[in-house]
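Me: Please walk me through this model in questions and answers. Keep it brisk.

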Amino acid sequence: MLEIGKLATLQAVVAHGSFSAAAKAIGLTQPAVSRQVSLLERRVGTQLVRRTQQGVHATEAGRLLIEHTDAILDRLQLAEAQLAELAGLRAGHVRLGSFMTALVFLSAELAGLLELRHPALFSGRRQVIEDVLVDRRTAFRGLAAAELDVAIVFEHAFEPDPAPPGIEVVDLFDDPPRVLVPGGHPLAGAASVTVEQLAGDRWIRAHDGSAARLVDHVLARIGAQPELLHAGHGDEPIEAQAFVAAGHGVTVAHRLNVLLNPDQVKAVAVIGDVPVRRIQAAIMRNQQSPLARAVVRVLQEVGERHSAAS
């Protein structure tokens, strides 16, 4: 491989017309400059410069190599400028994994606050935040495989799920539990309720996932066995809320979960031993990208706002 340092020396020799002038310009001795050019000629197997009474001139091969050197150095200069943009948070792109309601609410909040903190990031045409819908385990795999830069995840207090080694988890805020009742329910206007007050209602439960396990956990704590209506799957089943909105029963979720019309579904605070879920940011411990770390810092600000609001 040709060495960029020797190519730059050749370029300087031809540009200044002598070995001594080139040496002065690039901070080397004249013998060092002469030796670098000789080594380069030996590497390419042909003469690159001619010494004349009028100075040093490039041969045809030398002119060809200098033309390529000019292009290479221009690209290196551009690379340095672009790296400075990334380091200075004036450019960049981050792949952000989020669960559904974090993608709906928190990603937009993050983008707005990030633009306030670093407006130059958003002056270009490229999208700064690329959202990817993931659950907790998928987020961790994506971070480990360098498919994601940062992730917003949650962890239920009733079922701890530690991150794998190498992944740093930053607590953002606690998402408080809420009982979701139809708009016409007798307790829809209450400031708070207990689970016991709803033990006689039909409960909407997902078929599987952490949403189903949350309902099971809450009902088991009070020993209730109400009629169940199954709807949806996974961590945040919107189908369960649709059934509540239609007046078919009640369920338990978290404040950030609520997506439907508040006239149809009322989210009521719960008194008693009902677990929160912890909203967290996750990032690889060895991830030192300035933008990725800035995103985590701004997410912490978002978390502080939500903590203050609750």
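**Helix H9 and its surroundings**

Me: How many residues does helix H9 (residues 290-309) have, and what span is expected for it?
Reply: Helix H9 has 20 residues and reaches 29 Å from its first C-alpha to its last. The expected span is 1.5 Å times one less than the number of residues. Helices here are DSSP runs of H or I with at least four residues, strands are runs of E with at least two, and both are numbered from the N terminus. The reach of H9 is close to the expected 28 Å.

Me: What kind of model is this, and how are residues numbered?
Reply: This is a predicted model: local features need pLDDT of at least 70, side-chain atom pairs count only at pLDDT 80 or more, and totals for chains, interfaces and linings use all residues. Side-chain values use heavy atoms, with hydrogens and water left out, and residues are numbered from 1 along each chain as its sequence is written.

Me: Which residues of H9 are buried?
Reply: Buried means under 20% relative accessible area, exposed means over 50%, and partly exposed is in between, with a 1.4 Å probe and protein chains only. An α-helix has 3.6 residues a turn, so residues three or four places apart point the same way. The buried residues of H9 are Leu-291, Ala-292, Arg-293, Ala-294, Val-295, Val-296, Val-298, Leu-299, Val-302, Gly-303 and His-306.

Me: Which elements do the buried residues of H9 pack against?
Reply: Contact means heavy atoms within 4.5 Å. The partners include one helix, H5. The strands are S3 (94-98), S5 (150-156), S6 (167-175) and S13 (277-284).

Me: Is Glu-301 buried or partly exposed?
Reply: Glu-301 sits in helix H9. Leaving aside neighbours within four places in sequence, it is in contact with Leu-113 and Arg-117. Its relative accessibility is 24%, so Glu-301 counts as partly exposed.

Me: Which residues does Leu-114 contact, leaving aside neighbours within four places in sequence?
Reply: Leu-114 lies in helix H5 (residues 100-117). With 0% relative accessibility, Leu-114 counts as buried. Its contacts are Leu-121, Phe-122, Val-128, Ile-129, Leu-291, Ala-294, Val-295 and Val-298.

Me: Why does Ser-98 count as buried?
Reply: Ser-98 belongs to strand S3. Beyond neighbours within four places in sequence, it contacts Leu-103, Val-132, Leu-133, Val-134 and Ile-152. Ser-98 is buried because its relative accessible area is 0%.

Me: What does Gln-287 touch, not counting residues up to four places away in sequence?
Reply: Gln-287 is in the loop between S13 and H9. At 17% relative accessibility, Gln-287 counts as buried. It touches Asp-149, Ala-292 and Arg-293.

**Loops**

Me: What is phi of Leu-89?
Reply: Leu-89 is placed in the loop between helix H4 (60-87) and S3. Its relative accessible area is 10%, so Leu-89 is buried. Leu-89 is not a glycine, yet its phi is positive, about 55°.

Me: What is phi of Ala-146?
Reply: Ala-146 is found in the loop between helix H6 (136-144) and S5. The residue is not a glycine, but phi is positive. The value for Ala-146 is near 60°.

Me: How far apart in space are Ala-224 and Pro-290, C-alpha to C-alpha?
Reply: Ala-224 is in the loop between helix H7 (210-222) and strand S10 (228-230). Ala-224 counts as buried at 16% relative accessibility. In sequence, Ala-224 and Pro-290 are 66 residues apart. In space, their C-alpha separation is 50 Å.

**The whole chain**

Me: How many helices and strands are in the protein chain, and what is its radius of gyration?
Reply: The protein chain has 9 helices and 13 strands. The globule rule gives 19 Å for 310 residues, and the chain is well over that, so it is more spread out than a compact globule. The radius is taken over C-alpha atoms, and the rule is 2.2 Å times the number of residues to the power 0.38. The radius of gyration is 31 Å.

Me: What does the C-alpha trace span along its principal axes?
Reply: Buried residues make up 42% of the 310 residues in the protein chain. The C-alpha trace spans about 105 × 35 × 25 Å.
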